[in-house]
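Please keep the sequence and the structure side by side as you read.

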Amino acid sequence: MMQKRTTFLIAMAGMVVLFACDAGAQSNRTELTLQVSGGLYSPVGEEMQDAYGTGPAGQLSVVAAVGAQSRLRLSGTIFRTRGNPYFSLNDFYAGDAGKLSLNSVGLSLELGGRSLQNPKVYLGAGLLYFWGSEKIDGVGTNNGDGLGGIFSLTPEFQLSEKLSLVMEASLRLVEVKFSDRNQRYRLNLSGGTLSLGLGYRLGR
């Protein structure tokens, strides 16, 4: 799984670099923006919502302009929460016996952002690679990964020449296959994310 994850990340980073260099060659400059944000991730499935509910998520993104109204976003996201994986057993309460840890890297194309608008609004769609673990007290840790998609709406408020306030609402669609030595199972971890952060445009 580690080799697959590394290959996927390198491939996506390479695509961003190639597109950014091509765009930079055409416009005589390469525009990159670093964004850091935090917010909440909430599973849309009733089973996952009952077991783990909504929890904090953080994201780091590198955004490369590839045209007057288009850009590529390479992002990494982490999500951590605790919950009760035995919620469906009415006669048994285990408290927060489960810990769900999710990570993802994604590449998406965003369109919009007319230069005279403030805020600039972008609509995006792309691919995600998820990996993570579910640790249940007294049982063990199951690891898994999976591919998914992302759809996003991102308003950006320009605060200064280089600094911006970034808001994002996104829907992430993914099913992760977890496994250990004794069992294999799938979890639908699709969900919505609301986040707020800052962006800083690199270079001159």
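## Salt bridges

A search of the whole structure finds six salt bridges, a salt bridge being a side-chain nitrogen of Lys or Arg within 4 Å of a carboxyl oxygen of Asp or Glu. The model is a predicted one, in which local features need pLDDT of at least 70 and side-chain atom pairs count only at pLDDT 80 or more, whereas totals for chains, interfaces and linings use all residues. Residues are numbered from 1 along each chain as its sequence is written, and side-chain values use heavy atoms, with hydrogens and water left out.

## Glu 156 and Arg 71

One of these bridges joins Glu 156 to Arg 71, with the closest N and O atoms 2.6 Å apart. Glu 156 belongs to strand β6 (residues 140-158) and Arg 71 to strand β3 (residues 70-83), so the pair ties together parts that are 85 residues apart in sequence; strands here are DSSP runs (E, at least two residues), numbered from the N terminus. Glu 156 is buried at 7% relative accessibility, and Arg 71 is buried at 6%, where buried means under 20% relative accessible area, exposed over 50% and partly exposed in between (1.4 Å probe, protein chains only).

## Arg 201 and Glu 161

Another salt bridge, at 3.8 Å from N to O, links the side chains of Arg 201 and Glu 161. Arg 201 counts as buried at 13% relative accessibility, whereas Glu 161 counts as exposed at 62%.

Notes. Helices (H or I, at least four residues) and strands (E, at least two) are DSSP runs, numbered from the N terminus.
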